[in-house]
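Let's take a walk through a protein model, one piece at a time. Have the 3D view open and follow along.

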Amino acid sequence: MNGGISYWYADDGLPAVREPLGGDRSADVVIVGGGYTGLWTAYYLKKAAPDLRITVLEQRFCGYGASGRNGGWLYNGIAGRDRYAALHGHEAAVRLQRAMNDTVAEVVRALAEEGVDADVHVGGVLEVARTPAQLARLKDFHAHELAYGETDRELYGARETAERLRITGAVGSTWTPHGARVHPVKLVKGLAAAVEALGVEVYESTPVTEIHAGRAVTPYGTVRAPYVLRCTEGFTAALKGERRTWLPMNSSMIATEPLTDEQWAAVGWAGREALGDMAHAYMYAQRTADGRIALGGRGVPYRFGSRTDHDGRTQPETVEALREILVAFFPALAGVRIAHAWSGVLGVPRDWCATVTLDRASGLGWAGGYVGSGVATTNLAGRTLRDLVLLDFGRGGNTDLTVLPWVGHKVRRWEPEPLRWLGVQGMYATYRTADRRETQTHSAGSSRLARLADRVAGRH
Ligand SMILES: Cc1cc2nc3c(=O)[nH]c(=O)nc-3n(C[C@H](O)[C@H](O)[C@H](O)COP(=O)(O)OP(=O)(O)OC[C@H]3O[C@@H](n4cnc5c(N)ncnc54)[C@H](O)[C@@H]3O)c2cc1C
């Protein structure tokens, strides 16, 4: 199966789609987009102020986007932390990191409170190195994270890594407890149901075509509200006036058939950690609750003109590239069948920094640009948008969240085509070449090519 939104929907079933908007309405807050960002925002706002009339408008169904397709790494990474340290000081970035550590625990807590069973397993995150250059980067990364107050992060050698997972060529790894594996679709479906049960109006099959101060326009009517929050991540470029705001970057995944007991014995992975590596074009994976490996990576990174995908279909060459990574890691799985492949889009700002903003003059707000780290960050964004709206409403003051350094961050737009397409294709081609060179040469230095690609892309 290729597409069908994602394996997670094949496993848990596509949802019954809610009614579309049936004409003009008014609300206190209108949220555009029913992914984790929009839903967590609605959830926390309605809990804090049950009298607020909150409307969610979703173009297809809640969880249609990345929130229903991701790798299920609920972890404490946030895009842009180092840049925020450079802009606002180290201490501000440490506060952001601590907030992210707490966010992983908050998601687990909120799901338990709402009775949402999303196959959560809190096994932390293990990132492995398979070449000398990756090992050097891993050690730097480990030291770097300790400097942001992650004192509970561990560094493992080859033997300790193999005790957890038997990955061919693994020479070391780093593990943090601030991570969990989740089933993305069970999470988004449960969250949407919780939001609706609180009294939030959720309209599906309702694309918003334009956002203006005080209103969101759809083909079926306009919702007027003093606050309009854009939570559209990788789809943002399709909105009028937002073409160059966030670049829609593809990520693709495969899921194997369930492994046999012998295959699991060869692989290990008893701790069910979220698994990643230190390649420039990195991979991410999880051991699913139903005994499969779901593994993702970049594939074809970007479609010309910011086009998004077709219900999750991905290119055959991407499926093969991901299968090769799986087999390179676990040669015992050479014969395993790939049951499902799919892709989704994430939002990439020009400076690769996630942000959350409420413009108090217009009442327009947005959160996103999470790059590949949104499963937890969306929750922090939702709680922050709650606090920003309540602050503006005069129902609350500044909080620990409203003063975090990612709040109100502004970034320039992406270049017009064809520069945008050429830049992203060039960047990932360079990463792949750098990875190949590092594997072939066994040099401990990171390829200069990759550093150059980072600089051109605006990542560092
Ligand atoms: C394949 C893949 C793997 C990933 N793996 C991980 C991972 O393991 N860990 C991690 O932390 N992050 C991961 N991510 C990123 C993470 O999934 C996202 O950052 C997160 O889900 C973003 O949530 P969101 O609600 O902001 O966006 P989305 O989930 O994309 O939601 C946006 C919603 O808005 C709707 N929408 C868009 N435009 C309109 C419009 N005009 N009108 C109405 N509705 C609209 C869309 O239909 C969609 O439902 C992955 C992403 C992908 C694609």
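How many bridges join strand 2 to strand 13? There are 4, and the two strands run parallel. Keep in mind as you look around that this is a predicted model.

## The whole chain

Let's zoom out. The chain has 12 helices and 20 strands. Its C-alpha atoms fill a box of roughly 60 × 45 × 45 Å along the principal axes.

Of the 460 residues, 52% count as buried. Take the contacts with a separation of 6 or more: 78% of them come from residues 24 or more positions apart.

Now find the open sheet of 6 strands, ordered 9-3-2-13-20-19 with mixed pairing. Strand 9 (201-203) and strand 19 (355-359) sit at the edges; each has a single partner strand, so one side of each is left without a neighbour in the sheet. From one strand to the next, the twist averages 15°.

## A look at strand 13

Val228 has Leu364 in strand 20 as its bridge partner, while Leu229 stands opposite Gly365 in strand 20. Turning to another pair, Val32 stands opposite Arg230 in strand 13.

Which way do the residues of strand 13 point? Tyr227 and Leu229 go one way, Val228 and Arg230 go the other, and all of them are buried.

## Helices on the sheet

Two helices to find here are helix 2 and helix 10. Helix 2 (residues 36-48) packs on the sheet and touches strand 2 (29-32), strand 3 (54-57), strand 13 and strand 20. Its direction makes about 170° with that of strand 3.

Helix 10 (residues 377-393) also packs on the sheet, touching strand 2, strand 13, strand 19 and strand 20. The direction of helix 10 makes about 15° with that of strand 19.

## Around the ligand

Which residues are closest to the ligand? They are Gly33, Gly35, Gly65, Gly344 and Gly374, out of 43 residues that surround it. The shell divides into 18 nonpolar, 21 polar and 4 charged residues.

Helix 2 turns up again here: along with strand 14 (247-256) and strand 18 (338-348), each supplies at least two residues of the shell.

Note on methods:
Residues numbered from 1 in each chain as written. Predicted model: local features only at pLDDT ≥ 70, side-chain atom pairs only at ≥ 80, totals over all residues. Pairing = 2+ DSSP bridges. Axes fitted to C-alpha atoms, helices over the stretch in contact; angles between N-to-C directions. Contact = placed C-beta atoms within 7 Å. Buried ≥ 20, exposed ≤ 12 C-beta atoms within 10 Å, placed from the backbone. Near = placed C-beta within 6 Å. Nonpolar A, V, L, I, M, F, W, Y, C, P; charged D, E, K, R; others polar.
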